[in-house]
Structure formats: C-alpha cells, structure tokens
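Trainee: I would like to learn how to read features from a model. Where do we begin?

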Amino acid sequence: MAFRTFSGRFLAGLALTGFMLAAAGCQSGDNGILNLGIGKKDPTAPPPPQDPKILASQLQAYCPRVTVRDGTAFFNTYSKEAQKPKPRIKKTGDAAQDAAAQAEADAAAATPPDESANIIYQASVSDVTRDCSRANGQLTMKIAVAGKIVPGPKFSPGTITMPIRTAVMHGTEVLYSQLHQYQVQVTDPSAATQFVFTDSNVVVPEPTAQDYQAYAGYDETAPMDTGKKPGGKKKKAAATN
C-alpha cells in the first residue's frame, strides 16, 4: 500500500509539473523568458552600429581643406637700413668680462628695435579656397589665395614679389609642394592693393580616404632671387689675431 501511494503521488507530481511548464511557456511567449532567439525582436534593444566605411559618393565629393599655418599669413619686407649687423664680441681673455659682454649682446638681440619706420610693405592672406576634379586616378586641385598689400613708409610704386607656397600632405608624406614667386603691381602708396593668387597645377594621387591636408601661405625661409649672376667673387675675410 505504501508503494502504491508513493507512486500515485509521484505521477501526480509529474503531471502538475508538466502543466506548470506548459502554462509558463504559453505566458512567456511575449516577454522572451523562454525565447531561444526565434520570434519577435525586443523593441527596446538598441539598433546595430552603422558601418563606419565612407561611401563611394562621399569620397568622390571629398576635396581636401586648405589651411594657413601659423606664421605664414603675413610677409613683411624692410629696407636695408633695418638690417643690423650682428654684434662682434671681442674676447679680452678675462672670463668674467667676456661673459658679461656676451650677456649684454644676447639681451640686445633678444629685444629687437622698432623697425616699423623701415617697412617697405606688408602682405597678408585674408582667405583661401580650393576646387577639385578627378580623372585617371588623380586628384587635381585649384588652390586660391586672396590677400592684400599695405605699403609702408619706405614703399615706392612698382612690382613686388611675394613667396607663396602651396602644398598637399598625406600624414607626414609630402604629395605636392611648390614655391611661387608671385608678382603684383602696386601703384598707389596710400592705399592697400588686393590680390588673388591661384595655383591650378596641384596634382596628387586620388585619395582612398578623407585624410589629405592642403596648405597655402608665405614661405619666408625660401631663398629669394636677387638677380645676381652666379660665380661672383667672394671677398676674403681679413685675418684677425
């Protein structure tokens, strides 16, 4: 009798458990408790991340931005009177006296005199822009530089030459760099003269990403054409004791 009673309770328990599981399965169809990935998606789930790749249409419309670097937006020229020779320190053999003389010379060099009265003209860049076209795997750019020339106290009407450099970089790689000796005729010493320079010959490989950078501005470090013929004789420095 005990065995039969236990068997009856065991079978009744299994039946009750099966009923509860079936009921739970019916009730959990909407809340996903027993959802194995087949069925409706959770409407509160965040959308999948978008593909970060640049579309071909976006790359075709890409034209590298032109930037004016610090220190290249202005170009000043001075008369020869402003060019002060470097002070020559004549050593006396006294270490303390020589050190004091050197310190005085360094202090004078660190505080340049006011040379505004010796300015011939000041040129400045006010705006830059560009235009791009593509053909045969190459990107052709037109880089334009707008600016003005302000005559100084030492100015006289005539033609001035400004060293304007245009360049295109890909990271640290120089894809294009050209120095232009751009000439402008200035006739009115009492007013500023506007100018627009355009470099239409910028050709670089067509970019595969939006990571090109173009530059435009003055390059005062470039050697200027002085008009002197090469091969001139150099004066021999006098011997000093």
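**Contacts, strands and a disulfide**

Mentor: The side chains of Thr 166 and Asp 199 make a polar contact of 2.6 Å. A polar contact is a pair of N or O atoms within 3.5 Å; within protein, one must be able to donate a hydrogen and the other to accept it, and residues adjacent in sequence count only if both atoms are side-chain atoms. This is a predicted model, in which local features need pLDDT of at least 70 and side-chain atom pairs count only at pLDDT 80 or more, while totals for chains, interfaces and linings use all residues. Residues are numbered from 1 along each chain as its sequence is written, and side-chain values use heavy atoms, leaving out hydrogens and water.

Trainee: Is Thr 166 buried or exposed?

Mentor: Buried means under 20% relative accessible area, exposed over 50%, partly exposed in between (1.4 Å probe, protein chains only). Thr 166 has a relative accessible area of 0%, so Thr 166 is buried. Its side chain also has a polar contact of 3.2 Å with the side chain of His 180.

Trainee: Which residues does the disulfide join?

Mentor: A disulfide is a pair of cysteine sulfur atoms within 2.5 Å. Here Cys 63 is joined to Cys 132, with 1.8 Å from S to S. Helices (H or I, at least four residues) and strands (E, at least two) are DSSP runs, numbered from the N terminus. Cys 63 is in the loop between α2 (56–60) and β1 (66–67) and Cys 132 is in strand β3 (residues 119–135), so the link ties together parts 69 residues apart in sequence.
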